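User: I want to learn how to read salt bridges, pockets, cavities and surface patches in a model. Can we go feature by feature?
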Amino acid sequence: GTILLAKMSITSYNGAAIICMTGKNCVAVAADRRFGIQAQLVATDFQKVYRFGEKLFVALPGLGTDVQTVAQRLQFRHNLYKLREEREMSPKTMLSAICNLLYEKRFGPYFVEPMVAGLEADGTPFVAQTDLIGCPMVTKDFVVGGTCGEQLYGMCESLWRPDMAPEELFETISQALMSAMDRDALSGVGAIVHLIETDKVTTRTLKTRMD
C-alpha cells in the first residue's frame with residue numbers, strides 16, 4: 001500500500017523550547033538542551049542561547065544548522081559594532097541587527113526565530129522576538145519559541161505577573177518551561193536558565209525528565 005508521510009515544518013526538525021521573560025529590573029532566558037533529528041535523540045547539550053556582552057542574550061529556536069550559522073553571523077556583526085562604536089551593543093540595537101541579517105536573506109531564509117533578552121542601560125528589561133524573515137515583536141512580559149509554543153504560551157500566561165523579583169522570576173520561568181516541555185516529544189532533556197540582573201548574571205542548569 002501507500003506510505004503516508006506527515007508534513008513537517010523544517011523549523012521543527014530538531015526541536016526546541018525557549019522562553020524569555022521579564023521581571024523587576026531583571027530578565028531571564030530559559031531553553032531546553034535537546035538536539036534531535038525528528039523523534040530521534042542525538043545530543044543532550046545543544047547550545048541554543050548565546051551571550052553577547054554583559055547583559056544581552058540571544059536565543060535561537062529553529063533548525064540546528066541555521067541556529068549555529070546565525071549565531072556566528074551575529075557574533076561577527078557584534079564584534080564589528082564594538083570595534084566601530086567602542087561600546088557594548090544595546091538589546092534594541094541587537095534586535096535591529098538581527099532583523100537586518102534575516103531580511104537580507106528573505107528569499108532563502110534562515111529557519112530560526114530569534115529571541116532577544118537583556119537589560120537596557122537604565123536597567124529596564126527588554127524582550128523581543130522576530131520571525132524567520134526578521135519581522136520584530138517587542139513585548140513587556142514574555143516571548144516564547146520552539147516546537148511547543150502553545151504549551152509555553154499557556155504556562156506563561158498563567159504564571160507570569162508584573163515586577164517579579166529575580167528569584168521568583170527564576171522559579172516562574174523554570175516551572176513554565178518544564179511543564180510545557182513535558183507535553184512535547186521534540187523538546188526537553190535538561191534545561192538551562194540565565195538570570196540577568198543589573199549587577200550580575202546567574203546561570204543554572206535544570207534536571208528534567210529525560211524521555
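Analyst: Start with Arg161, which is partly exposed because its relative accessible area is 41%. Buried means under 20%, exposed over 50%, and partly exposed in between, with a 1.4 Å probe and protein chains only. This is a predicted model, so local features need pLDDT of at least 70, side-chain atom pairs count only at pLDDT 80 or more, and totals for chains, interfaces and linings use all residues. Residues are numbered from 1 along each chain as its sequence is written, and side-chain values use heavy atoms, with hydrogens and water left out.

User: Which residue forms a salt bridge with Arg161?

Analyst: General idea: side chains of opposite charge can pair when their charged atoms come close. The cut-off here is a side-chain nitrogen of Lys or Arg within 4 Å of a carboxyl oxygen of Asp or Glu. The partner of Arg161 is Glu168, with the closest N and O atoms 2.9 Å apart. Glu168 counts as partly exposed because its relative accessibility is 30%.

User: How many salt bridges does the structure hold?

Analyst: There are 9. One of them joins Lys48 to Asp32, with the closest N and O atoms 2.8 Å apart. This pair links distant parts of the chain, 16 residues apart: Asp32 sits in strand E2 (residues 26-32), and Lys48 in the loop between strand E4 (40-43) and strand E5 (49-51). Strands are DSSP runs (E, at least two residues), helices likewise (H or I, at least four), numbered from the N terminus.

User: Is that pair buried or exposed?

Analyst: Both Lys48 and Asp32 are buried. Now take Asp211, which pairs with Arg209 at 2.8 Å between the closest N and O atoms. Asp211 counts as exposed because its relative accessible area is 69%.

User: How do I read cavities, and how many of 30 Å³ or more are found?

Analyst: On a 1 Å grid over the protein atoms alone, a cavity is a set of points where a 1.4 Å probe fits but cannot get out; a pocket is an open set with protein on both sides within 12 Å along at least five of seven lines; lining residues have an atom within 4 Å of a point. Points are joined across faces, edges and corners, and a volume is the space filled by probe spheres set on them. The search finds 1 cavity of that size. The largest cavity has a volume of about 40 Å³. Its lining includes Asn14, Arg34, Phe46 and Lys48. Lys48 is also the buried partner of Asp32.

User: What is the class make-up of that cavity lining?

Analyst: It has 6 nonpolar, 4 polar and 2 charged residues. Ala, Val, Leu, Ile, Met, Phe, Trp, Tyr, Cys and Pro count as nonpolar, Asp, Glu, Lys and Arg as charged, and the others, Gly among them, as polar.

User: What about the pockets?

Analyst: The largest pocket holds about 230 Å³ of space. Among its lining residues are Phe52, Lys55, Met89 and Glu120. By class, that lining has 6 nonpolar, 2 polar and 4 charged residues. The second largest pocket holds about 180 Å³. Glu120 lines this one too, along with residues including Thr22, Phe126 and Val138. Strands E8 (125-130) and E9 (136-139) each give two or more residues to the lining. E8 gives the largest share, 3 residues.

User: Which residues form the nonpolar surface patch?

Analyst: Phe76, Leu80 and Leu83 do, with about 320 Å² of accessible area together. Patch residues have over 30% relative accessible area and no salt bridge; like charges are joined within 9 Å, nonpolar side chains (Val, Leu, Ile, Met, Phe, Trp, Tyr) within 5 Å. Areas use the Shrake-Rupley method with a 1.4 Å probe, and for residues only the protein chains shown count as cover. Leu83 lies in helix H1 (residues 64-85). Leu83 counts as exposed because its relative accessibility is 66%.
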